[in-house]
Amino acid sequence: MCNLCPLKYLPASLRSSGIQAMGDDKSSSPRHKIAFQATKYQQWCLFAQMKFVCMVASVFMMLPNAAAYDPLDPNGNITIKWDVMSWTPDGYVATVTMSNFQMYRHIMSPGWTLSWSWAKKEVIWSMVGAQATEQGDCSKFKGNIPHCCKKTPTIVDFLPGVPYNQQFTNCCKGGVVAAWGQDPTASVSAFQVSVGLAGTSNKTVKLPKNFTLLGPGPGYTCGPAKVVPSTIFFTPDHRRKTQALMTWNVTCTYSQFLASKNPSCCVSFSSFYNETITPCPSCACGCQNKKNCIKSNSKEAHRKGVNTPKKDNTPLLQCTHHMCPIRVHWHVKVNYREYWRAKIAVTNFNYRLNYTQWTLVIQHPNLNNVTQVFSFDYKPLVPYESINDTGMFYGMKFYNDLLMEAGPFGNVQSEVLLRKDKNTFTLKQGWGFPRKVYFNGDECKMPPPDAYPYLPNSAYANPVAFSTMAASLLLMLLSIW
């Protein structure tokens, strides 16, 4: 029965107890002794097997958190494509294009940082549209000095306003890249690099290794570079097409578990039919900043320089019980005959950061019947064609697409009108509240389900109602008489 548990691995306590039991029972036959020992051994082995299964199950339960997979955006990734456009005497000139195919996760300021390790002793002679943060040791070169001689160069995007001769298509945005679902035209960043001391043919070029992408913080994991069919380019009149001499791709995926051990936002609830306000859970985003927070009504919140960002992007939060930079509040506002209305408010509690091109993703069973969204732009997300319960909200351009830092202007809000589905609609058991909420691509901490503001079990009796009805009936009878 238990072939994977040899007898020699039987615990000493069980082995001794079994021997002792057999020794005390002098009347028992050798057959009974063997049966007793086998039964004890089988019980111990079954327990060991169950323990092993539980451990394996626990590991598999933890894997989804560590894996870079998002069920609401299963195909989301950032693809970095290298197109070798021409050969040089000692290397090649390549166009590097970074495409963000994530539906609702963008790269915000201070922008992306890309690094890799050269396979040989390559150097970067020049760059257009981006720059290396360090030149490295180029002392062995005489005459022309390379742009970067480091074995592992670190590349950043140019800021807007650089000279025209240093610009490249889709460059110079400070590393800010929009989400594909929000603005596909702004979801691309590119630069050109001239590589020396490299191969000069498809067979001699060695692909770079160990790609690392910060967007702007950790969270992305990049796979190895893989050679793919060469990219096709069309001339402006679309009458001629050319192709790259060589192309390889690098795919990077995001994991919130790798980005931070704590959530970066939380959710609170309220409704018109219940006086209870369900707040964010205490320490929802961790309380490591509890000692360095600022009270909203203190003089410290209004001093000069409080909104100046730090180089290491450390936050300066307003003191709250949840200690989250972002709070999303969902309020069930009105219940009409055929519609119901919900109010959404997003509040920023970080004094040092404002959020550009923010996105809010909500999963709710009634989002398949959205009638009108008043102050946000809205786009349904249908990762699985048969299910339409997820939508993305984001700010209107030049109106509220910028969520300001903590303070009187650090919030954006809107209302959503939804048509009722009479077959499924109910406000009982918290049905009016979202199932999941994401802000800027990170899942927010939800309140426990038993704390939702449910409908009251029964209506309160009005003691005046019966007397009023009796008085009205009496007046009617007197008028008839």
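Student: Okay, is Cys148 buried or exposed?
Tutor: Cys148 counts as buried, at 1% relative accessibility. Buried means under 20% relative accessible area, exposed means over 50%, and partly exposed is in between, with a 1.4 Å probe and protein chains only.

Student: Before we go on, where do these values come from?
Tutor: This is a predicted model, where local features need pLDDT of at least 70 and side-chain atom pairs count only at pLDDT 80 or more, while totals for chains, interfaces and linings use all residues. Residues are numbered from 1 along each chain as its sequence is written, and side-chain values use heavy atoms, with hydrogens and water left out.

Student: How many disulfides does the structure hold?
Tutor: It holds 8. One of them links Cys138 and Cys149, with the sulfur atoms 1.9 Å apart.

Student: Which parts does that one tie together?
Tutor: Cys138 and Cys149 both lie in the loop between strand 5 (130-132) and strand 6 (154-157), so the pair ties together parts 11 residues apart in sequence. Strands (E, at least two residues) and helices (H or I, at least four) are DSSP runs, numbered from the N terminus.

Student: Are those two cysteines buried or exposed?
Tutor: Cys138 is buried at 8%, and Cys149 is buried too, at 14%. Their link is right-handed, with 115° about the S-S bond.

Student: Which link is left-handed?
Tutor: The link of Cys283 and Cys287 is left-handed, with -100° about the S-S bond. Its sulfur atoms are 1.8 Å apart. Cys283 is partly exposed at 39%, and Cys287 is partly exposed at 27%.

Student: What about Cys285, which cysteine is it joined to?
Tutor: A disulfide joins Cys285 to Cys324, 2.0 Å from S to S. Both sit in the loop between strand 15 (274-278) and strand 16 (326-335), so the pair ties together parts that are 39 residues apart in sequence. Cys285 is buried at 4%, and Cys324 is buried at 0%.

Student: New topic: how many aromatic pairs are there?
Tutor: A search of the whole structure finds 21. Rings of Phe, Tyr and Trp (its six-membered ring) pair if their centres lie within 6.5 Å; planes under 30 degrees apart count as stacked, over 60 as edge-to-face and the rest as tilted.

Student: Can you show me one?
Tutor: Trp125 and Phe141 form an edge-to-face pair, 5.6 Å centre to centre with 80° between the planes. The pair links distant parts of the chain, with Trp125 in strand 4 (residues 123-128) and Phe141 in the loop between strand 5 and strand 6, 16 residues apart. Trp125 is partly exposed at 26%, whereas Phe141 is buried at 14%.

Student: Which residues make up an aromatic cluster?
Tutor: Trp82, Tyr92, Trp116, Trp118, Phe211 and Trp248 form one aromatic cluster.

Student: Strand 6 keeps coming up. How does strand 5 pair with strand 6?
Tutor: They pair in the antiparallel sense over 3 bridges. Two strands pair if DSSP finds at least two bridges between them. Ala130, for instance, has Asp157 in strand 6 as its bridge partner.

Student: And how many bridges join strand 3 to strand 6?
Tutor: 3 bridges join strand 3 (residues 113-117) to strand 6, and these two run antiparallel. There, Thr113 has Val156 of strand 6 as its bridge partner.

Student: Last one: how much space lies in the largest pocket?
Tutor: About 1200 Å³. Of the 40 residues that line the largest pocket, the closest to its centre are Ser264, Asn313, Leu353, Tyr355 and Asp442. A pocket is an open set of points on a 1 Å grid over the protein atoms alone, where a 1.4 Å probe fits, with protein on both sides within 12 Å along at least five of seven lines; lining residues have an atom within 4 Å of a point. The volume is the space filled by probe spheres set on the points.

How values were computed. Disulfide = S-S within 2.5 Å.
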